[in-house]
Amino acid sequence: MRETIFIFGVNHRDTPVAVRERLAYAEGDIVTALARLKQAAPAINEVALISTCNRVEIMGVTEAGDRAHAQATAFLADDRAVDATAFAASLYRHEARDAVRHLFRVGASLDSMVVGEPQILGQLKNAYAQAAEAGTAGLVLHRAFHKAFSVAKRVRKATLIGHGSVSVSSAAVGLAGKIFDTLADKTVLLIGAGQMAELTARNLKRLGIQSMLISSRTFDNAVALARALDGTAVPFDGFQPYLKLADIVIGSILAARPVIGPDEFEGVIRERRYRPVLLIDLGVPRNFDEQLNSMENVYLYDIDDLSAVVQESIGDREREAEKAESIVSLEVESFLKWLDGLELVPAIRDIRSSVEQLRELELERHRAWLKSLPLGERERIESLTRGLVNKLLHRILSGIRDGRADGADGLFAAEIARRLLSADLAAESNPSPDLNPNLLDDNALDYDFGEDDEF
């Protein structure tokens, strides 16, 4: 039976979070879980465990697909104390080409809830590191993960899949970056301490905002958030005087009517000497009067404006995803070619050894008269025979490799060549005891055999 890659698990598309959270593993528990999994599933030769908020997947290498799947499913149910019927309906299973494609798409963020998000690649690298630490990743998984990382890098470099804002808070921060040349010297005023406003403020803080004022109807909430953001709490009934200091004002309170209108803001603009001010209205109903947008150097964006920016960015990412899918498809074929070639390595090693031994035997027959030749002539003959062997091996090995790519049985052809050469060798003489049989290492299938290659 051939070894094959498989992946099975659950993700955000078909499995509710209530089930995913029961199957998920904490990062610090995965190495020991892999040891238990390897013991509980002897049909799996290599294995890794990917556990994030959006997916729980077991990736492995096996020669017994159905048995490996059954053992891994039973392990997951037992180890997480979850009845298998709770996740059986949403469990997906990929093998061979489909499994490789799935891995590469996950790494390239094509299977994420938000296409193009960068976090999954780091999570995938953690999963690989944990499998390596547990000693459950072998030659195939090592190669598969590293290939997935290089595919993700190529996708990021060749497409714009990670560009644009895909959340309201990131859209707000993106607008701030477009309006102001620098954020380091700007002041932010938060009116309301809700979750979306806090997330927006934290993102602005990461981009360099130093001065932050926080006002909330509940002053204790303002104090707590100000402490977390290294800002200053401002009483809600006295935030108006601080408007003249704020370059960015974020509103996110529940109010029946706007808390800032054009009448009071005209004086603020004059005091600011008409320096630009960005108003981000996250409130529903709206916190800022829409007429503010008509004032000089006032830039007002409400929740609908920000949502439109998000939808435009998502559309751009989806168009870029089509380019990324093409890259993934090419890389899948490249990896499968390498994987198929692993089966040919023993046969190729024997073929090369046999041809080299035949060359040595033929030279040995003529060793007496060769010794009478000058050293330079002997070296030329040695080079000539080695060149002939390389050309012969090139024809044989390329034929086997190309036959494999065309879907023919490369193993069958390799075995015929190996037996024929072994028979020729036996007829000539016994193999030289001094000849090293390991002339081809396990990475040989990475080579592109050329007629002038040194075999």
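The second largest pocket has a lining of 13 residues, and those nearest its centre are Leu 358, Arg 359, Glu 362, Thr 385 and Val 389. The model is predicted: local features need pLDDT of at least 70, side-chain atom pairs count only at pLDDT 80 or more, and totals for chains, interfaces and linings use all residues. Residues are numbered from 1 along each chain as its sequence is written, and side-chain values use heavy atoms, without hydrogens and water.

**Pocket**
- A pocket here is an open set of points on a 1 Å grid over the protein atoms alone, where a 1.4 Å probe fits, with protein on both sides within 12 Å along at least five of seven lines; lining residues have an atom within 4 Å of a point.
- The volume of the second largest pocket is about 230 Å³, taken as the space filled by probe spheres set on the points, which are joined across faces, edges and corners.
- At least two lining residues come from each of α12 (345-365), α13 (367-371) and α14 (375-405); helices are DSSP runs (H or I, at least four residues) numbered from the N terminus.

**Aromatic pairs**
- The whole structure holds six aromatic pairs (ring centres within 6.5 Å; planes under 30 degrees apart are stacked, over 60 edge-to-face, the rest tilted; Trp counts by its six-membered ring).
- Tyr 128 and Phe 149 pair edge-to-face, at 6.0 Å between centres and 70 degrees between planes.
- This pair joins helix α5 (residues 119-134), which holds Tyr 128, to helix α6 (residues 139-158), which holds Phe 149.
- Phe 335 and Trp 338 are both buried (under 20% relative accessible area, 1.4 Å probe, protein chains only).
- Phe 104 forms one aromatic cluster with Phe 335 and Trp 338.

Note on methods. Buried means under 20% relative accessible area, exposed over 50%, partly exposed in between (1.4 Å probe, protein chains only).
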